[in-house]
Amino acid sequence: MAKARKDKPRKPNIFMRIGLYIKQTFNELRKVVTPTGKELLSWSFAVFVFVLILMALVTAMDFGLGKLVLLVFG
């Protein structure tokens, strides 16, 4: 039983793990590419259109299901 504990690798202490996390976070942030103004505008427009399409779809389903419920129960 004692031998099984010796073979197990030890975890670094909490401060070393926090430091490693912060280091890895900064390394990932260095990889981030900032979009140009044109890219930002085009992606914002695409998201806006997508949200409008989803709103129209949900509204149509709401009205359609509401009419169906009134037809069945009303």
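Reader: Is lysine 31 buried or exposed?
Author: Lysine 31 is exposed, at a relative accessible area of 57%. Exposed means over 50% relative accessible area, buried means under 20%, and partly exposed lies in between (1.4 Å probe, protein chains only).

Reader: Which side chain does lysine 31 meet in a salt bridge?
Author: The side chain of glutamate 28, with 3.1 Å from N to O. A salt bridge here is a side-chain nitrogen of Lys or Arg within 4 Å of a carboxyl oxygen of Asp or Glu. Glutamate 28 itself is partly exposed, with 47% relative accessibility.

Reader: How many salt bridges does that rule give?
Author: The count is one salt bridge.

Reader: Where does this model come from, and what was counted?
Author: It is a predicted model, in which local features need pLDDT of at least 70 and side-chain atom pairs count only at pLDDT 80 or more, while totals for chains, interfaces and linings use all residues. Residues are numbered from 1 along each chain as its sequence is written, and side-chain values use heavy atoms, leaving out hydrogens and water.

Reader: What pLDDT does the protein average?
Author: The average is 91, and 92% of the residues score at least 70. pLDDT is the predictor's confidence in each residue, from 0 to 100.

Reader: Which element has the lowest mean pLDDT?
Author: Helix α1 (residues 2-7), with 62; helix α3 (residues 37-73) has the highest, 97.

Reader: How many helices and strands are there?
Author: Three helices and zero strands. Both are DSSP runs numbered from the N terminus: helices are H or I of at least four residues, strands E of at least two.

Reader: Where is lysine 23 found?
Author: In helix α2 (residues 14-30). Lysine 23 is exposed, with a relative accessible area of 56%. From lysine 23 to proline 12 is eleven residues in sequence and 15 Å in space, C-alpha to C-alpha.

Reader: Now the whole protein. What percentage of the residues count as buried?
Author: Of the 74 residues, 0%.

Reader: And what is the radius of gyration?
Author: The protein has 27 Å, whereas a compact globule of 74 residues would be near 11 Å. The radius is taken over C-alpha atoms, and the globule rule is 2.2 Å times the number of residues to the power 0.38.
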